[in-house]
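Trainee: I'd like to learn how to read charged side chains in a model. Could you walk me through it?

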Amino acid sequence: MVNRSHGRHVNVVQLLALILALVLLAGVGGILAGGLLVPLAAGAKTVTDTAVQVFDDLPDELEPGPLSEQSVIVANDGKTVIARYWTENRIVVPQDEVSDNMQNAVVATEDKRFYEHGGVDVEGTARAAVNNFAGGDQQGASTLTQQYVKNVLIEKAVRDDDPLAIEAAQESTLERKAKEAKLAISLEKQMTKDEILEAYLNIAQFGVGIYGVETAARYYFGKNAADLNVTESATIAGITKSPTAYDPTRNPEDTESRRNIVLKLMYEQGYITKDEYDTARSSSIEDTLDVHPTEAGCQANQTYAWFCDYVTKEIVDNELYGETAEERQELLYRGGLTITTTIDPDMQKEAQKSVAAGVPADDDSGLESALASIEPGTGKILAMAQNRPYDATTEPEPFTTAINYSADPAHGNSGGFQVGSTFKPFVLAEWLRSGHTLYDEVPAAKQTYVVNQFDTSPCARLSSETWSPANAEGVASGNISALEATKKSVNSAYVAMGKQLNLCDLADTAWDIGYRPTTTAIATDTHAKGDKLNAPTEEDVNVFAPMIIGTQASAPLLQASAYGTFASGGTYCEPLAITKVTDTDGNTIVEPESTCTEEAIDPDIANTVAYAMTQAFTPGGTASNDGLADGRPAAAKTGTTNLSSQTWFNGYTPQISTSVWVGNAESEDDHLQFEVNGVWYTPLYGGDVAGPIWTDFMDDAVAGMPVEDFGTPSASMIGTPAPPPAPAPAPTSDDSDDSDSDSGDSDGGDGGDGGDADGGGNGNSGGNGNGNGNGGDDSGSED
């Protein structure tokens, strides 16, 4: 086998030439021992020529780049840490934030003549070189400056992802030593001793995955480097000799022996007194440690894990933070960023508590739940939570996931969920925009439609298939107002409203308000049915008859943002997660601002829709049991999709808009006869589980906020209620005996029309009707 050496073959004469050149370059030539000059005198010209040749081949400039530092993501208070990211766990600090004890321990241990040499310790270098060439035990003679140079070369090679350069920076060859020495001498002419010491303290490794004294101080002792005492400083300083062997959390006995060697050096060199030395030696490593483990990534802090995941994807995928994904990844993991976000710590804790209590992660129902909350008028994300813990490992634990159900596909890899009746406020907005009023009436009974009879010009053409949409939550008979249809969430009435609208205009209005689909519900020219939409456009809002009752999917964060348009009086804002990103020096790199569209819809429309949605909390409304504890104004819409597979509760006050989803992420299983968290539902509706989660969260979120009213609704858009029906004539003596037999027709027959899909419930006067309607036509039995 051929033995290939990566280093230069340097003989004794060349070695002595190098030593001489280094001495002269460092300006300390007068201190060489006379014995060293004897062989030089015998071959002065050879030595001189060799020195020049060898030194001409070595680099003489070192350009230290920025150190890899951990990035930190913080909440909107600027101090609550959400997560940390790093390739090297390092926090850079100036020298005056490192205790004198720590600085003295490093100098005493690594380079006692640090303040005397010019980068190379000639005495140590000569002794080690002669000893090593003579075959004795290998000795090192690197100064603290040379060690810093070595660390810089390794750091650069790692950043450049250059394995050969990493190997070259660590191999034991004379060429590498000579290169380090020349660079060290050059560096000493550019930097002061204090600057070199500060740089070394920040770059050196002080344990497995622990870089720099500040990180080491926080990890091993739970304090800053400025507060390290003698014992702690000696412990950390001793680790650099072998970060694995002398890691005190892994090898406390060996670390203690190494620490005591450092203490002895500090005492011998006059940095500590005899009493300090004896006291420090008397303590065991275990007694002095106060380990504070710090994990990287989102999984380390489950309270904020889903929002952390969203922020991470926002940075890595957004060109605001770099031209390429690799640059953005590098910036996040090495850039020492402080990423200030919009998340509110108190609201986030309450959100996580509410979703976990509403549907425990390991509940026998197998349901998942998610909550997202934004600030109307800014789009700032205030909370983001779900009941399943975050686990992005290759072998996740049971009842965990790495899919963010709250987010769009680009930020969470979720395809979203059919929104059901939570789409109806967009229909109502178009209803008002097209000249109708809340008190305009439409037939509430179930009907069968030919889908191409719906107006979709000029954006789509529909087939001649028939469609018989069923009701899920609300049923009614006869003609009812749009206000009543909204309050009770009557599908059949809303489809009748949609029949009077242009569905292309409806899609435009929904988009303007902020509805953003996450998958396609039907095949189009550009997408197959079910395709995820990472960057949806207005054309991705599918125009077809069942859109009226919410058959296309979206996500809780997107729904909260859209409903925020109503809450703000018509201003739509895209979700905003990050408000500022600063570098290690506190300089602002990026300061994202809210992306908003003022008057995305007419304020009168927004305020009138809000008024209509407040009725959901009144008796007979689908959210009648879910009002806020302090009675403050709130608006909401429930949603229950076909077979109750997905359920929603979207609601808001003027200050907060929140969307809650409860359902199945993996399937469209029915929940018609279903137990959730120990409670039986027949069937499961949006107001049953999602509603209480929303209320529980919102009660705490708005506590202490001023009570605000929504904007005044437009009187012309409210319209005029229809006059009450004339009273029935009093029965005559001739037909009084028939009253009982006729009473079953008075309400029950019409009620039966509202519930044909499933039959079921009893009519108000004995006839069959008021069925829940679940289990009807797959194309449109959404609530």
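Predicted model: local features only at pLDDT ≥ 70, side-chain atom pairs only at ≥ 80, totals over all residues.

Trainee: What makes a residue count as buried?

Trainee: Which residue forms a salt bridge with Glu232?

Mentor: Lys223 does, and the closest N and O atoms are 3.1 Å apart. To read such a pair, look for a side-chain nitrogen of Lys or Arg within 4 Å of a carboxyl oxygen of Asp or Glu. Lys223 counts as partly exposed, at 25% relative accessibility.

Trainee: How many salt bridges does a search of the whole structure find?

Mentor: It finds 17. One of them joins the side chains of Lys274 and Asp278, with 2.8 Å from N to O.

Trainee: Where do Lys274 and Asp278 sit along their helix?

Mentor: Both are in helix α13, residues 274–282, and because they are four residues apart, about one helical turn separates them. Lys274 is partly exposed, with a relative accessible area of 39%, and Asp278 is also partly exposed, at 35%.

Trainee: What about Arg334 and Glu330?

Mentor: Their side chains meet in a salt bridge too, at 3.4 Å from N to O. Here the helix is α16, residues 325–334, where the two are four residues apart and so about one helical turn from each other.

Trainee: Which residues are linked with Glu330 and Arg334 in a network of salt bridges?

Mentor: Glu155 and Arg159 are linked with them in that network.

Trainee: Is Glu253 buried or exposed?

Mentor: Glu253, which lies in helix α12, is exposed, with a relative accessible area of 66%.

Trainee: Last one: what does the whole chain look like?

Mentor: Its secondary structure comes to 28 helices and 22 strands. Of its 783 residues, 54% count as buried. The accessible surface comes to about 33300 Å², and 46% of that belongs to carbon and sulfur atoms.

Technical notes:
Residues numbered from 1 in each chain as written. Heavy atoms only, no water. Buried < 20%, exposed > 50% of the residue type's maximum accessible area, 1.4 Å probe, protein only. Areas by Shrake-Rupley, 256 points an atom, 1.4 Å probe, with all protein chains shown as cover.
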